[in-house]
Amino acid sequence: MKIISSLAVILIFTNFVCGQNDDKPVKETIIKVGDGCEGCDAVYDSPIPLEELSSVDTLPDYNTAQIKLEISGVIYQSDGITPAPGIVLYLYHTDQNGYYSKKGNETGRHGYLRGWLKTNDKGEYKFYTLRPAPYPNATFPAHIHPTIKEPGKTPYWIDDYVFSDDKFVNDEYRRKAENRGGDGILTPVKNESGIFTARRDIVLGKNIPDYK
């Protein structure tokens with residue numbers, strides 16, 4: 001009887017513990033990659049849960065912009081061949097006067113011109129936005145800041161999206177480009193609708209320090 005009672009206690013305890021574990025979410029193991037990233041945590045500011053993001057996003061004021069951009073591409077795994085689904089891409093940039101302006105309760109320095117998207121099953125992404133202006137009195141080209149968030153890794157930055165027709169995208173700029181994630185220099189082409197289209201493919205981990 002004593003043995004049966006002991007077994008019963010063990011079974012009850014085991015079921016209790018297992019039941020508790022089933023109710024607890026499994027904590028994701030995060031690997032630190034990159035060399036630091038000011039503002040990269042803004043990827044988590046998305047008003048939509050990251051797992052529910054679409055592969056297409058339209059940033060604010062696109063419909064009122066003088067110069068409209070449609071930027072698309074494919075994000076590949078580190079081999080540069082295999083499409084990478086489920087990758088979050090966070091973007092932000094200046095307005096058409098070169099400022100990170102705000103319209104509401106935005107936190108941080110990124111302003112309101114920002115967006116979040118996640119690659120589809122084919123690794124594809126696309127976003128629509130206005131063409132940003134360079135910082136006032138600066139000698140750096142107009143740009144769009146991108147942040148990558150892979151499952152199981154910390155967010156990291158890749159080269160800015162810049163434009164080949166920008167006067168500051170000169171030989172010196174090209175020479176100093178780190179090509180993080182691949183080449184970020186776009187060549188916009190105006191389509192029949194008056195929208196400037198450009199393509200940028202991204203390779204995960206390319207030229208990213210401590211990438212595993």
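Cys 37 is partly exposed, with a relative accessible area of 25%, whereas Cys 40 is buried at 3% relative accessibility. Here buried means under 20% relative accessible area, exposed means over 50%, and partly exposed lies in between (1.4 Å probe, protein chains only). The structure is a predicted model, in which local features need pLDDT of at least 70 and side-chain atom pairs count only at pLDDT 80 or more, while totals for chains, interfaces and linings use all residues. Residues are numbered from 1 along each chain as its sequence is written, and side-chain values use heavy atoms, with hydrogens and water left out.

These two cysteines are joined by a disulfide, with an S to S distance of 1.5 Å; the criterion is a pair of cysteine sulfur atoms within 2.5 Å. The link of Cys 37 and Cys 40 is right-handed, with 55 degrees about the S-S bond. A search of the whole structure finds 1 disulfide.

The protein chain as a whole contains 2 helices and 12 strands, taken as DSSP runs numbered from the N terminus (helices: H or I, at least four residues; strands: E, at least two). Along the sequence their pattern is α-β-β-β-β-β-β-β-β-α-β-β-β-β. Of the 212 residues, 43% count as buried. Among contacts with a separation of 6 or more, 70% are between residues 24 or more positions apart, a contact being heavy atoms within 4.5 Å.

Four of the strands can be followed as a unit. An open sheet of 4 strands has the order β4-β3-β6-β7, with antiparallel pairing; two strands pair if DSSP finds at least two bridges between them. Because β4 (114-118) and β7 stand at the edges with a single partner strand each, one side of each is left without a neighbour in the sheet. Strands β3 (residues 88-93) and β6 (residues 144-149) run antiparallel and are joined by 6 bridges. Val 88 stands opposite Lys 149 in β6.

Asp 160 lies in the loop between β7 (156-157) and β8 (162-163). Asp 160 is buried yet has no salt bridge, and the nearest side chain of opposite charge, Arg 200, is 7.0 Å away. A salt bridge requires a side-chain nitrogen of Lys or Arg within 4 Å of a carboxyl oxygen of Asp or Glu; Lys and Arg count as positive and Asp and Glu as negative, with His and the chain ends not counted. The side chains of Asp 160 and His 145 are joined by a polar contact of 3.2 Å.

Definitions and conventions:
Polar contact = N/O pair within 3.5 Å; in protein donor to acceptor, adjacent residues only side chain to side chain.
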